[in-house]
Amino acid sequence: MKIQESAENYLEMILMLTNRLGQVRSIDIANEMNFSKPSVSIAMKNLRTNGYVDVDNKGHIKLTEKGLSIANSVYERHKLLSQFLVHIGVNEETAKKDACKMEHDLSDESLIKLREFMADK
C-alpha cells in the first residue's frame, strides 16, 4: 500500500527518534522536523486513524506493525541512498538531504540493484 510522502517522513522520523530516545512524543517530532505542534498533532491523528501508530495516555507514540514496516523500508532506502551518494563523492550533509528526497520514489528494481552494488563496497 502506497501512502503519502509526508506520512512516510513522519513514520521514518518516529523510528529514528525511538531508536535514539526510546520514547517519542509529538513535541519531539515537532522539534526534530521543525514543524509546529498543531501540524504534528494533526499528522499523528491521521496516522493513528489509519493504523500506523498508537498513542498511549501519556502521549508516547509507538509504531504499529504496519507503521514499523513502512518506516523500516523508508529508512533502509534513505541509508542506502546516502551511502551511495557519499561513495560517489557527494558530501555527507548533501547526501542525506538528497536521499530524503529520493527515497520515496525509488523503484524496487533500482533498490535491489543499489543494494547489490553497495554490498560490494
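Which residue just after α3 takes a positive phi? The residue is G51, with a phi of about 80°. The model is predicted, with local features requiring pLDDT of at least 70 and side-chain atom pairs pLDDT 80 or more, while totals for chains, interfaces and linings use all residues. Residues are numbered from 1 along each chain as its sequence is written, and side-chain values use heavy atoms, without hydrogens and water.

**View 1. Helix α3, residues 37-49.** Helices (H or I, at least four residues) and strands (E, at least two) are DSSP runs numbered from the N terminus. The 13 residues of α3 reach 18 Å from first C-alpha to last, close to the 18 Å expected at 1.5 Å a residue (1.5 Å times one less than the number of residues).

**View 2. Buried and exposed residues of α3.** V40, A43, M44 and L47 are buried (under 20% relative accessible area, exposed being over 50%, with a 1.4 Å probe and protein chains only). These residues cover an arc of only 100° around the axis, which puts them on the same side of α3; the arc is that of the directions from the helix axis to the C-beta atoms. P38, I42 and T49 are exposed on the other side. The buried residues pack against α1 (5-21), α2 (26-33), β1 (53-55) and β2 (61-63), contact meaning heavy atoms within 4.5 Å.

**View 3. The packing of α1 and α2.** Their axes, lines fitted to C-alpha atoms over the stretch in contact, lie 10 Å apart at an angle of about 105°. The two helices are therefore roughly perpendicular to each other (65 to 115 degrees, on a 0 to 180 scale between N-to-C directions). N9, Y10, M13, I14, L17, R20 and L21 in α1 meet D28, I29, E32 and M33 in α2.

Methods
Parallel < 35°, antiparallel > 145°, perpendicular 65-115°, else oblique.
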